Amino acid sequence: MASYFFSIPKVYFGEEAIGALRRLNHKKVGIVTDNFMATSGKTRYLINEMPHASVSIFSDVKPDPSVEILHAGAMQFKAFKPDVIIALGGGSSLDAAKGIKVTLEEHFPGHAIELIAIPTTSGSGSEVTSYAIISDPQNGRKYPLIADELIPDYAILDPHLVLSVPRHVAVDTGMDVLTHAIEALVSTGANDFSDALAEKAIALTWQHLPDVFHDEKNIQARTHMHNASCMAGMAFNSAGLGLVHGMAHAIGGMLHLPHGKINAMLLPLIIEYNARHSPHAMVRYMKCAAIMGIETATSEQTLHALINGIRDINHHFGIPATLQDLGKDRAEFESLRQPLITASLADGCTATNPCKPRAADVDQLLTRIVG
Ligand SMILES: NC(=O)c1ccc[n+]([C@@H]2O[C@H](COP(=O)([O-])OP(=O)(O)OC[C@H]3O[C@@H](n4cnc5c(N)ncnc54)[C@H](O)[C@@H]3O)[C@@H](O)[C@H]2O)c1
Ligand SMILES: [Fe+2]
């Protein structure tokens, strides 16, 4: 298939970005968010920009949204028939809003609904992607839906909205950004456009995520991380992701772990695995190391320094190396081993990994991550 790069969302960024909502002042606006956003003044912050808009708020999104949440949101909005849906929140709210929007459009043929994504974490990049990750709690699975209809029309990157993200969530979501950018850089779908965005996202994250960890109220560092998250989203939307995300969706779906945290834990293991199995990936990881300022005498040493650099930053951020360190039950994990292997190999993100993993490879990686 021919490579392509999209440019659908208009991206407003910076401390005045929220003013982009003023043009909605006389529209019917549905807001999709979670309970924290609704009760902590964040929906009010939006409504203040469009005081004459007619607004309906669906605030029942839960982390890792399920199909039931999509149906509940669509039900609430059926009578209201919004012109615009605003997705406000972390990746979970953004993905839920995407699902609700397409479900409603199926109900109202010919009534196109504008989608505006306002991320409140610097993590998923969902504000610019054609992905929505939907959970099926009954089967313990997470599925990436991928369709152009899921790409928002506008993204608003307002750093004020992320200042309240607690440190432990900021580092988990920030490591999701780093993983998006690194996986996009080594993906089989990488291209000049995605490389430009992935490289900048790696540089910004490596420099500014520790600053956010050190001082949560550092608005410059928060701004850079918010922009990096969006750039990494654009990069992987074009290039695809890899085995870290394939395994993270499987493990996160079955063991209920924060998405960014399980990515961060898997990233060093899979860099090592990919570099051993793909000379092309090795070259790409050298590029990645150079962007991070890691250079030594030989490629082998640089690879080790890159892997150890990621392990060290995880340790600094309080992200454990293994599932056992995270307090997960080994017996429960072992009972899920086979479904985890199957789900990791079947995940859409695994398809663009630089080498094609076998079941035995995933099995070994699972043994290492459980600890
Ligand atoms: N669609 C995509 O392209 C894509 C990419 C990566 C991840 N995802 C999905 O996104 C989800 C993860 O998103 P996430 O990491 O942003 O987490 P999240 O949306 O689940 O939010 C994590 C927690 O942070 C809280 N939170 C969010 N913003 C806050 C703020 N400003 N202040 C205080 N608390 C805040 C939320 O209420 C929630 O409790 C997963 O389901 C993952 O699979 C989607
Ligand atoms: Fe992710």
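The following legends describe close-up views of a predicted model.

View 1. The protein is divided into domain 1, residues 10-162, and domain 2, residues 167-370. Their C-alpha centres lie 26 Å apart. Across the contact, 26 residues of domain 1 meet 29 residues of domain 2. On the side of domain 1 that touches domain 2, the elements giving two or more residues are β1 (10-13), β6 (131-136), β7 (141-146) and β8 (154-157). Strand β7 supplies the largest share of that side, with 4 residues. Sorted by class, this side of domain 1 has 11 nonpolar, 12 polar and 3 charged residues.

View 2. Ligand 1 lies between the two domains, because domain 1 (10-162) and domain 2 (167-370) both give residues to the shell around it. Of the 30 residues around ligand 1, those that come nearest are Gly-90, Gly-91, Ser-92, Ser-126 and Ile-133. Two or more residues of the shell come from each of the elements α4 (91-107), β6, α5 and α9 (259-277). Helix α4 gives the most, with 4 residues. By class, the shell around ligand 1 comprises 9 nonpolar, 16 polar and 5 charged residues.

**View 3. The parallel sheet.** An open sheet is formed by 6 strands in the order β1-β8-β5-β4-β2-β3, and the pairing is parallel. Strands β1 and β3 (54-58) stand at the edges and have a single partner strand each, so one side of each is left without a neighbour in the sheet. On average, neighbouring strands of this sheet are turned by 20° against each other, direction ignored.

**View 4. The pairing of β4 with β5.** Strands of a sheet pair through backbone hydrogen bonds, in either a parallel or an antiparallel manner. Here strand β4 (residues 84-89) and strand β5 (residues 114-119) run parallel and are joined by 6 bridges. Within this pair, Ala-87 stands opposite Ala-117 in β5.

**View 5. Helices packed on strands.** Helix α3 (residues 67-78) lies across β2 (28-32) and β3, and runs at about 155° to β3. Helix α7 also packs on the sheet, where it touches β1, β5 and β8. The direction of α7 makes about 155° with that of β8.

**View 6. The packing of α5 against α7.** Two packed helices are described by the angle between their axes and the distance between the axes. Helix α5 (residues 167-186) packs against helix α7 (residues 219-239) at an angle of about 35°, and the axes are 8 Å apart. The crossing of these two helices, α5 and α7, is left-handed. From α5, the contact involves Gly-174, Val-177, His-180, Ala-181, Glu-183 and Ala-184. These residues meet Met-225, Ala-228, Ser-229, Ala-232, Gly-233, Ala-235, Phe-236 and Ala-239 in α7. The residues of this contact divide into 9 nonpolar, 4 polar and 1 charged.

Note on methods. Residues numbered from 1 in each chain as written. Chains lettered and ligands numbered in written order. Predicted model: local features only at pLDDT ≥ 70, side-chain atom pairs only at ≥ 80, totals over all residues. Axes fitted to C-alpha atoms, helices over the stretch in contact; angles between N-to-C directions. Left-handed = near helix turned anticlockwise from the far one by under 90°. Contact = placed C-beta atoms within 7 Å. Nonpolar A, V, L, I, M, F, W, Y, C, P; charged D, E, K, R; others polar. Domains from an automatic or database assignment. Near = placed C-beta within 6 Å. Pairing = 2+ DSSP bridges.
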